[in-house]
Amino acid sequence: MNIKRLGIVLCFFVLFCALGVGYVYNQYVLMECCLKPGGFVLAAAAASEPLGVKRVLCVGGTAGIGYAVATSYLEHSNQVEVVVVGRRQPRIAPEFAGRLKFVPADLSKTSVARQTANSLKDEHFDIILFTVGFTPSGFNRTSESIETDLAISYLSRHVMLEQMFYNGLRSSRVFIMGFAGLPKQPALNDINWESVPYSFFHAHMNTHIFNEGLVHYYAHKTPSVSVFGLNPGLILSDGFRGLAGPVLSSLLAKVCPDQNEYAKAVLLPLFASQNLHSGSLFNNRGQEINPGPFFGRFPEDKAQIIVAGVNATLRDLGLQS
Ligand SMILES: NC(=O)c1ccc[n+]([C@@H]2O[C@H](COP(=O)([O-])OP(=O)(O)OC[C@H]3O[C@@H](n4cnc5c(N)ncnc54)[C@H](OP(=O)(O)O)[C@@H]3O)[C@@H](O)[C@H]2O)c1
């Protein structure tokens, strides 16, 4: 076999493996073992129910799933206003002008995350969705000396929520997108990778487990605000398409939902559903799933350990008093 042929065969092999991984991953997220017995299940009819929402905040809503949620709300009703936070100005269709507000912010900096929360403190939101996230390509630190994945995919949410609650956040529903229910243990002894050798995998898994921790922590601590976790499985989002490239994306489209489909059919109806219990986690069909094994039967205790560890790291870096 010549080199060219071998290259083509290898390319197909990689594409099929990726397709298989996408399919298996999405099936796993939907498996019975993950579902919470007797937990909430989104009814198929819910997509046509009224949403009862007037103001929405999407942190990380300039692209991807957050943007799909923002535009789905704006399309659904001209009574809804959406604020999106991110670095890049999103495309604003003329019919949404005046109802889609862009707040520019690089949330990799905790100081910016805090300022952004403060800048929104006098606004009421029915729904607050955190989709800000990033897939790292290697080890980097932000200008505040925080490992970049930790900073963007987790701390941005941790710091904004802390500031929002400090500012008196009330009666919103908060949804945190990550990989809720992840069957992994966190690496907690050096979360900013100061002395332990960096592991891309563990660093990224930590951000997902920590995000689930935020759900349990605030669900327990703040009864006036309901907090929920989301596990989208594999969704063909703007970010995901950018990573996968056009060929793989068009193949994955056969086995993974697209961001707009997911927003319209699952997220908006789920956000409007009554009978959700704060602290619940949902898969990409709006079915309630079990907490990850790390959180076990007392999720708030484990969440407390994570939040305390992160706060200690922030204090060591002089980023929290
Ligand atoms: N898509 C999936 O299959 C999948 C699977 C599991 C979990 N998730 C989680 O779901 C969330 C959303 O994923 P997605 O696929 O929709 O992501 P995406 O398409 O890459 O969108 C990410 C959003 O985060 C914003 N963002 C990134 N870095 C930022 C920064 N430094 N400051 C402020 N905003 C920043 C981006 O806006 P700017 O570029 O304008 O800053 C964009 O609005 C992520 O947390 C991801 O981990 C996704």
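Biologist: In this predicted model, which of the 30 residues around the ligand come nearest to it?

Modeller: Of those 30 residues, the nearest are Gly64, Gly86, Gly133, Ser237 and Gly239. Sorted by class, the shell around the ligand holds 13 nonpolar, 13 polar and four charged residues, and H2, H4 (148–166) and H6 each contribute at least two residues to that shell.

Biologist: What makes Thr131 a buried residue?

Modeller: A residue is called buried when 20 or more other C-beta atoms lie within 10 Å of its own; Thr131 has 31 other C-beta atoms within 10 Å, and therefore Thr131 is buried. Thr131 sits in the loop between strand S4 (127–130) and H4.

Biologist: Which residues is Thr131 in contact with, leaving aside its neighbours within four places in sequence?

Modeller: With those neighbours set aside, the contacts of Thr131 are Cys58, Gly60, Gly61, Gly64, Ile65, Gly66 and Met177. Two residues are in contact if their C-beta atoms lie within 7 Å. As for Gly86, which is 45 residues away along the chain, its C-alpha atom is separated from that of Thr131 by 10.0 Å.

Biologist: Why is H2 described as mostly covered?

Modeller: Ten of the 13 residues of H2 are buried, namely Gly64, Ile65, Gly66, Tyr67, Ala68, Val69, Ala70, Thr71, Ser72 and Tyr73.

Biologist: How do you know whether H2 has the span expected of a helix with 13 residues?

Modeller: At 1.5 Å a residue, 18 Å is expected for H2 (residues 64–76), and the distance from its first C-alpha to its last is 18 Å, so the span of H2 is close to the expected one.

Biologist: What makes H6 short of the span that a straight helix would reach?

Modeller: H6 (residues 238–252) has 15 residues, for which a straight helix would reach 21 Å at 1.5 Å a residue, but the end C-alpha atoms of H6 are only 13 Å apart. H6 also has a kink of about 120° at Gly245, shortly before the proline Pro246.

Biologist: How do you know whether the radius of gyration of the protein chain agrees with that of a compact globule?

Modeller: A compact globule with 321 residues would have a radius of gyration near 20 Å, and the protein chain has 20 Å, so the two agree. Along the principal axes, the C-alpha atoms of the protein chain fill a box of roughly 70 × 50 × 45 Å, and 40% of the 321 residues count as buried. The protein chain has eight helices and eight strands, and among its contacts between residues at least 6 apart in sequence, 74% join residues at least 24 apart.

Definitions and conventions. Residues numbered from 1 in each chain as written. Predicted model: local features only at pLDDT ≥ 70, side-chain atom pairs only at ≥ 80, totals over all residues. Helix = DSSP H or I, 4+ residues; strand = E, 2+ residues; numbered from the N terminus. Buried ≥ 20, exposed ≤ 12 C-beta atoms within 10 Å, placed from the backbone. Bend = angle between axes of the 7 residues up to and from the residue. Near = placed C-beta within 6 Å. Nonpolar A, V, L, I, M, F, W, Y, C, P; charged D, E, K, R; others polar. Rg over C-alpha atoms; globule rule 2.2 N^0.38 Å.
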